[in-house]
Structures are given as C-alpha cells and as structure tokens.
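Here is a short tour of one protein chain. Have the sequence and the 3D view ready, and follow along.

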Amino acid sequence: MKILLVEDHLDIAGIIFDYFEIKGFTLDHASNGEHGLALAQANYYDLIILDIMLPKMNGMDICHQLRTEGNDTPILMLTALDTREDTLTGFAKGADDYLVKPFDLEILEARIIALTRRRQGEVSTNVLTFSGLSLNLQTHSAQREGKNITLNPSQFIILQLLMQRAPQHVSKQTISHALWKDDEPEKDILRSHIYQLRNLIDKPFASSYIHTVPKFGYQLRDEACSEKH
C-alpha cells in the first residue's frame, strides 16, 4: 500500500513512518501544503493522510482542490481541532475520515485499512480515460484504440497530469515540479519528454491529443471531436 503523508510536524511524521514502514507500507512525505498537493496530483496513492493546519496551503483547501480535479483517493484528515464545525467542514470538503490528535497508531492503521478496503470494493481498477486513450494507474501503462503503450516513469507522470486535468491547460511549471520538485534540470529536458510522449501517444494515430499551449504549457484535446463541433 502506498500512502502520502502531508504533515508539517516532523516528530509526528517520523513516528507514522516508523510504524507503517515496518508493516510494509510505502510512504511519501510532504511538510507543507503546496508540496503535498503537487505530490497528490503527480502520483497514485492508495490513501492520503492529510493534516489540516499546514504551511503554504491548509489541508481543507488541498482536499477541496483534489476533489474538484476528480481525484477520488481516500483522504483521512488529522487535526488538533476537535470541534463539530471543523469535522463537518472536513467532510464537506471531501474527506473520508477524521482523526483527532493525539491518536493511537493502531486506530490509525485500522481506519486506513477500512478506507482502502471500501475503495477496493467500489473501484476494481484505477484507470483514467480520455477519448480513445486510457491510463492504468496501477500498472503505469497506457492504451490507445487497442494498442498497448509502455511508458517510462517521467512519461507516466506527465500523461497522468494531462489526463487528470483534461481538457484544462497544465503549466510547464506544474509538470516540472511533479518531475523534479525544486531541482529542475536544463529546460530542454521537459520539451524532450513531451516529444517522446507524443511519439508514443499521437504519432501512430490519425489525430493528436497532446497540444502545446503557447507561453504556458500543454493540454489534452481531441481534435476529431473539435472538428465535429
């Protein structure tokens, strides 16, 4: 199971990491809201543990943003705010469960397992689709019009971002941050990744999905559908 932990209190994060890594879980960590949102947008997770009070962007806004984008990953919120209003607001923003600090690690584990089991019962596969294109979030493989497409990790991250937000535009900065965080290499590298992805996704087919948005970034758009309208 792969979990994203968004928690700015490093002692709490360390305790959670120690407990769950021993049990075979894989965890990613973000110590501020902006980084946590970027990781959630760029990667597949079985569950997100999300603190509410975070630097740069609070957990309520992260949860709302992910749900607005169509991300249905289970979200368990952690908070020191034990009030009826905060609990109701968290659920209204799209949270699936709520745990008040301090908490028992075994209770946290039990709630994680319950949430992921519930989701597995509702969703047998995790697949994004756009027109004739599909992306399997578990196998990191794509398929277009029956043709299987093998992606490297960078190509998968880019395509996942584009498909999650299609037909909205995705900025170059967003893609770069998802790929390299704050350690962006030479600027032509992103262009090279897009070129290679187009060769896989578009070149063998009659119409193109991946389009450049001048001075901004990229988007997925189905030319065939646009022409019909």
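## The chain as a whole

This is a predicted model. The chain has 229 residues, and 47% of them count as buried. Its secondary structure comes to 9 helices and 12 strands.

## Helix α1

Helix α1 covers residues 10–22, which makes 13 residues. From its first C-alpha to its last, α1 reaches 18 Å. That is close to the 18 Å expected at 1.5 Å a residue.

Which residues of α1 are buried? They are A13, I16, F17, Y19 and F20. Now recall a rule about helices. An α-helix has 3.6 residues a turn, so residues three or four places apart point the same way. Just after α1 comes G24, with a positive phi of about 95 degrees.

## Where α6 meets α8

Helix α8 spans residues 188–201. The axes of α6 and α8 come within 10 Å of each other. They cross at roughly 80 degrees. Angles of 65 to 115 degrees count as roughly perpendicular, so that is the label for α6 and α8.

Which residues make the contact? From α6 come S154, Q155, I158 and L159. From α8 come L190, H193, I194, Q196, L197, L200 and I201. By type, the contact of α6 with α8 has 7 nonpolar residues, 4 polar ones and no charged ones.

## Where α7 meets α8

Helix α7 runs over residues 172–180. Its axis and that of α8 come within 11 Å and cross at roughly 90 degrees. That makes α7 roughly perpendicular to α8.

On the α7 side, the residues are K172, I175, S176, L179 and W180. They meet I189, L190 and H193 of α8. The contact of α7 with α8 divides into 5 nonpolar residues, 2 polar and 1 charged. Look again at L190 and H193 of α8: they are listed in the contact with α7, and they are listed in the contact with α6.

## R165, a buried arginine

R165 is found in helix α6. Is R165 buried or exposed? Its relative accessibility is 15%. The cut-off for buried is under 20%, so R165 counts as buried.

What does R165 touch? Leave out residues up to four places away in sequence, and the list is Q41, E69, V170 and T174. Consider E69. R165 and E69 are 96 residues apart in sequence. In space, their C-alpha atoms are 6.5 Å apart.

## T116 in helix α5

T116 lies in helix α5. At 6% relative accessibility, T116 counts as buried. A polar atom of its side chain lies 3.1 Å from the backbone oxygen of I113.

T116 also has contacts beyond its neighbours within four places in sequence. These are with M1, D46 and L47.

## Two cis peptide bonds

Where are the cis bonds? One joins K101 and P102, with omega about -10 degrees. P102 sits in the loop between β5 (97–100) and α5 (105–122).

Another joins A166 and P167. Here omega is about 0 degrees. P167 is placed in the loop between α6 (153–165) and β10 (170–171).

## Positive phi outside glycine

K56 is not a glycine, yet its phi is positive, at about 75 degrees. K56 lies in the loop between β3 (47–51) and α3 (59–68). Is K56 buried or exposed? Its relative accessibility is 64%. Exposed means over 50%, so K56 counts as exposed.

E145 is not a glycine either, and its phi is positive, at about 50 degrees. The loop that holds E145 lies between β8 (141–144) and β9 (147–150). With a relative accessible area of 56%, E145 is exposed.

Definitions and conventions: Residues numbered from 1 in each chain as written. Predicted model: local features only at pLDDT ≥ 70, side-chain atom pairs only at ≥ 80, totals over all residues. Heavy atoms only, no water. Helix = DSSP H or I, 4+ residues; strand = E, 2+ residues; numbered from the N terminus. Buried < 20%, exposed > 50% of the residue type's maximum accessible area, 1.4 Å probe, protein only. Expected span 1.5 Å × (residues − 1). Axes fitted to C-alpha atoms, helices over the stretch in contact; angles between N-to-C directions. Parallel < 35°, antiparallel > 145°, perpendicular 65-115°, else oblique. Contact = heavy atoms within 4.5 Å. Nonpolar A, V, L, I, M, F, W, Y, C, P; charged D, E, K, R; others polar. Polar contact = N/O pair within 3.5 Å; in protein donor to acceptor, adjacent residues only side chain to side chain.
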